[in-house]
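Work through these exercises with the structure open beside you. Try each task before you read its solution.

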Amino acid sequence: MINMAEASQILASDETIKVMEILKRYSSDKDNLIPILQEIQKNVGYLSPDFVRLVSKHLKISASSVYGVATFYTMFKFAKPAKHNIKVCLGTSCHVKGGDRILETFERLLEVRCGESSRDLMFSLERVACLGSCALAPVVVIDDTIYGNMHVDRIKPILSKIRG
Amino acid sequence: MKKLTRPFDEIRKQAVEEWNRLWNDGRAVIRVESATCGRAAGVLQVADAVQKKLQELNIDAKIVNTGCIGLCYLEPIMDVTKPNQPSILYHSLDPKTAASIVEDYLVKNDIRADKALCSLGSSYANLPSLAELPVMQKQTRWILQRCGLIDPEKIEHYIALGGYSGLVKALSMKPHEVIEWVKLSRLRGRGGAGFPTGKKWEVCRSAPGDEKYIICNADEGDPGAFMNRALLESDPHFVLEGMVIGSYALGAQVGYIYCRAEYPLALERLRTALKQMADFGFLGKDILGSGHNFEIRIKEGAGAFVCGEETALIASIEGKRGMPRPRPPYPAQSGLWGKPTVINNVETWACVSLIFQKGWEYFANKGSESSKGTKTFSLVGKVKRAGLIEVPLGITLKEIIYDIGGGIIGDKEFKAVQIGGPSGGCLPKVLLTTPVDYDSLSSAGSIMGSGGIVVMDEDTCVVDIAHYFLDFTQKESCGKCVVCREGTWKMLQLLKAIKEGRADSNTLAKLEDLAQIVKIGSLCGLGQTAPNPVLTTLRYFRDEYEAHINEKRCPAKVCKNLITYYIIPDKCEGCMICLRECPSGAIRGGKRMVHIIDQEKCSKCGVCYNVCPPRFRAVVKVSGEHMNTPSEPIPVQRRK
Ligand SMILES: Cc1cc2nc3c(=O)[nH]c(=O)nc-3n(C[C@H](O)[C@H](O)[C@H](O)COP(=O)(O)O)c2cc1C
Ligand code: FES
């Protein structure tokens with residue numbers, strides 16, 4: 001039997017192990033900082049204070065330097081991600097074709113504000129500037145699926161399909 | 001495939017054989033356009049359905065994944081080729097239709113004229129050829145020549161259709177002769193500013209030191225442009241060949257591609273392409289026996305628009321915050337790790353390949369006096385035929401929007417065309433005859449930019465668009481220089497005030513003053529060009545700003561604070577649809593009662609306007625007008 005405290009440590013260390021494995025593959029050259037952060041972001045989903053400390057040790061730079069770089073780029077998130085991520089494009093073409101209304105509809109149906117996650121951590125909602133499919137505006141990406149020619153009427157069915 | 005230093009002629013011969021085998025082994029070929037835009041339209045489901053149908057019918061046909069042919073408004077697209085017949089291109093497919101086409105054409109020999117757009121190559125069975133379509137007639141396809149036609153993951157396809165012959169040509173010349181060719185072609189950078197490429201290379205070559213770098217800028221930050229993505233996904237070797245040529249001319253041993261992370265498919269196809277190049281001896285040590293060594297590394301962007309700026313991009317590759325620094329020294333003198341570095345846009349590199357495949361005269365013979373060759377554009381917004389296009393420089397905006405783009409959706413009134421993204425400008429109808437070249441566009445107050453063209457109709461508010469771009473640049477300002485950081489923020493506040501009807505008669509003068517300061521005082525191109533969308537809209541659409549300020553009216557009925565929704569009592573039939581759908585609970589009424597909107601509660605979301613059945617059309621959107629409506633719901637029968 002393991003107690004709760006130990007259990008939570010094991011859970012936490014699962015992610016930590018992943019981070020350490022990523023670090024093993026990189027030398028301590030400082031130009032590896034962004035690729036390392038990107039790989040952690042992609043595979044673990046966020047940068048916790050612990051991960052940042054591990055990275056700073058590996059590259060022999062201060063944790064604040066790591067934060068300095070990480071906070072500059074919009075790709076890096078510092079909180080645990082929701083299960084599904086919704087990106088609504090508000091690039092020029094999508095803006096002109098009514099992307100704002102798509103975003104508002106998501107906000108209303110999910111009861112979250114843009115940039116936040118729903119309370120049950122099912123959905124996070126963010127805006128992005130152009131997904132490179134502007135001819136099919138407005139465009140939305142949910143997890144790895146890209147939806148073109150979006151319409152407010154399509155949102156409810158898509159969400160219920162994901163909820164299953 | 002093992003590493004080889006075969007003579008290029010042999011490589012090419014085998015590639016041509018493989019390409020011919022694809023078409024002539026007695027089996028049908030189905031090409032599906034599976035670039036990101038095709039996927040957004042659902043092409044993967046179409047391909048699945050086709051595959052299943054082929055299995056069901058027991059037909060042995062080949063499915064080839066290609067890139068983007070540029071007809072994005074017709075996606076999903078596939079083309080079907082029977083042995084010894086021209087290819088037929090089918091458009092606007094859904095899985096079921098695509099499966100039925102496969103059966104009808106391959107089994108019953110019915111070409112399905114209802115879904116066929118054209119044939120590729122010669123015209124066939126009453127179908128026009130691709131080149132005969134109105135969307136194509138004014139285009140010149142050089143950079144996009146293979147896009148949508150080859151499998152981007154097969155280097156053999158590229159080689160069979162002329163690829164890497166430019167590299168062979170360049171390697172037979174002396175490095176300084178290579179630079180001379182680029183100068184003679186008069187190629188100008190396609191990333192926005194239009195700096196002469198040959199000149200940049202010469203500066204780098206003559207800079208002291210042996211260690212030099214080259215970079216391909218694939219950050220494509222303009223939010224509304226996708227030319228670079230489409231090219232990398234559809235014909236990556238065209239770009240990479242140019243980089244190898246450049247590395248030879250400059251004596252660089254390492255090159256980087258800085259590609260935005262929002263383009264996962266482009267990154268995947270680039271990685272595949274790099275592996276194949278190494279296998280074929282186009283990368284690595286002693287390239288094609290020339291003694292030249294070169295390798296290419298991929299760096300993914302991390303989401304910062306300013307990293308498209310060359311000095312910021314270099315900082316980002318070095319692992320730092322992507323902040324620009326003052327120039328000079330230019331990267332060609334002191335760039336990555338302080339070494340001389342040439343940085344060029346994706347399309348510029350493809351132009352280099354073309355120049356060496358076809359000769360500099362071929363390139364320099366096309367285009368206008370100051371701007372040679374062709375340019376790709378992503379033509380989007382309120383235009384009928386949105387997509388990826390390529391035109392000779394010097395063509396007019398009107399030809400692009402009306403002849404190629406087919407005019408405005410719903411034949412509405414054209415209002416403005418935005419060219420050059422957040423650094424560019426909005427041009428009005430009277431300037432539609434402006435030739436698209438570097439100098440004509442900048443004298444109109446815009447810039448060529450990297451190739452985003454966004455068309456706007458009467459329903460677009462230019463103040464809103466100016467606000468949109470400034471909001472973008474303000475958020476993306478890196479914060480290093482005060483003028484850009486504070487200036488764009490202050491400008492944004494003024495624009496917000498105009499949009500919200502809080503501006504006074506001094507606002508425009510203040511806005512113009514600030515715009516000039518930000519333009520002159522900013523450190524990098526981001527701040528220096530950020531005022532362009534504001535300045536051009538002020539120059540060409542001043543009356544719209546004045547309507548917002550003086551009459552509190554938004555002529556396009558876009559700015560929320562200046563519009564009001566009303567339910568016309570004479571038209572409302574009391575169906576209760578809007579009442580149920582209103583997210584703010586702002587509508588009162590009942591069955592067969594005339595509904596009314598509580599203006600205090602209304603959030604101007606427009607849901608009622610959209611859900612009101614077309615046979616009633618009872619909800620109207622107005623700006624600068626007041627309508628009298630009943631104060632309480634009244635029965636439909638009793639209204640006057
Ligand atoms: C804010 C800003 C963003 C830029 N974004 C890009 C970009 O996304 N792609 C690009 O090729 N050039 C971009 N540029 C231009 C580059 O700084 C540089 O001039 C260009 O890559 C040079 O290549 P070229 O000579 O082939 O055009 C940007 C410039 C600025 C100021
Ligand atoms: S503007 Fe939305 S995909 Fe480009």
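**Exercise 1. Decide whether A:Leu121 is buried, partly exposed or exposed. Then describe its backbone.**

Solution. This is a predicted model, so every value here is computed from it.

Step 1. Take the relative accessible area of A:Leu121, which is 38%.

Step 2. Compare it with the cut-offs: buried means under 20%, and exposed means over 50%. A:Leu121 is therefore partly exposed.

Step 3. Find its place in the chain. A:Leu121 sits in the loop between helix H6 (99–110) and strand S2 (123–128) of chain A.

Step 4. Check phi. The angle is positive, about 55°, although A:Leu121 is not a glycine. Most residues other than glycine have a negative phi.

**Exercise 2. Locate the two domains of chain A and state how far apart their C-alpha centres lie.**

Solution. 

Step 1. Domain 1 of chain A covers 4–72, and domain 2 covers 84–163.

Step 2. The C-alpha centres of these two domains lie 29 Å apart.

**Exercise 3. Explain why strand S14 (residues 452–457) of chain B is largely enclosed.**

Solution. 

Step 1. Count the buried residues. Six of the six residues of S14(B) are buried, so the strand is largely enclosed by the rest of the structure.

Step 2. Look at each face. On one side, B:Gly452, B:Val454 and B:Met456 are buried.

Step 3. Identify a parallel partner. Strand S10 (residues 374–381) of chain B runs parallel to S14(B), and four bridges join them. B:Ser378 has B:Gly452 as its bridge partner in S14(B).

Step 4. Identify an antiparallel partner. Strand S12 (residues 414–419) of chain B pairs with S14(B) in the antiparallel sense, over five bridges. Here B:Ile419 has B:Ile453 as its bridge partner.

**Exercise 4. Describe the surroundings of ligand 1: how many residues surround it, and which are the closest?**

Solution. 

Step 1. Ligand 1 is surrounded by 18 residues. The closest are B:Gly191, B:Asn217, B:Asn344, B:Asn345 and B:Thr348.

Step 2. Sort the shell by type. It holds three nonpolar, nine polar and six charged residues.

Step 3. Find polar contacts to oxygen atoms of ligand 1. A polar side-chain atom of B:Asn345 lies 2.7 Å from one. A polar backbone atom of B:Gly221 is 3.0 Å from an oxygen atom of the ligand. For B:Glu310, a backbone N or O atom lies 3.0 Å from a ligand oxygen atom.

Step 4. Consider the area. Taken alone, ligand 1 exposes 620 Å², and the protein buries 88% of that.

Step 5. Name the elements that give two or more residues to the shell. They are strand S9 (341–345) and helix H21 (525–529) of chain B. S9(B) gives the most, with three residues.

**Exercise 5. Which residues does a cis peptide bond join, with omega about -5°?**

Solution. 

Step 1. This cis bond joins B:Arg327 and B:Pro328.

Step 2. B:Pro328 lies in the loop between helix H13 (310–317) and S9 of chain B.

Step 3. Look also at the peptide bond from B:Glu75 to B:Pro76, which is cis with omega near 0°. B:Pro76 is in the loop between strand S2 (62–66) and strand S3 (78–81) of chain B.

Notes
Residues numbered from 1 in each chain as written. Chains lettered and ligands numbered in written order. Predicted model: local features only at pLDDT ≥ 70, side-chain atom pairs only at ≥ 80, totals over all residues. Heavy atoms only, no water. Near = heavy atom within 4 Å. Polar contact = N/O pair within 3.5 Å; in protein donor to acceptor, adjacent residues only side chain to side chain. Areas by Shrake-Rupley, 256 points an atom, 1.4 Å probe, with all protein chains shown as cover. Nonpolar A, V, L, I, M, F, W, Y, C, P; charged D, E, K, R; others polar. Domains from an automatic or database assignment. Buried < 20%, exposed > 50% of the residue type's maximum accessible area, 1.4 Å probe, protein only. Pairing = 2+ DSSP bridges.
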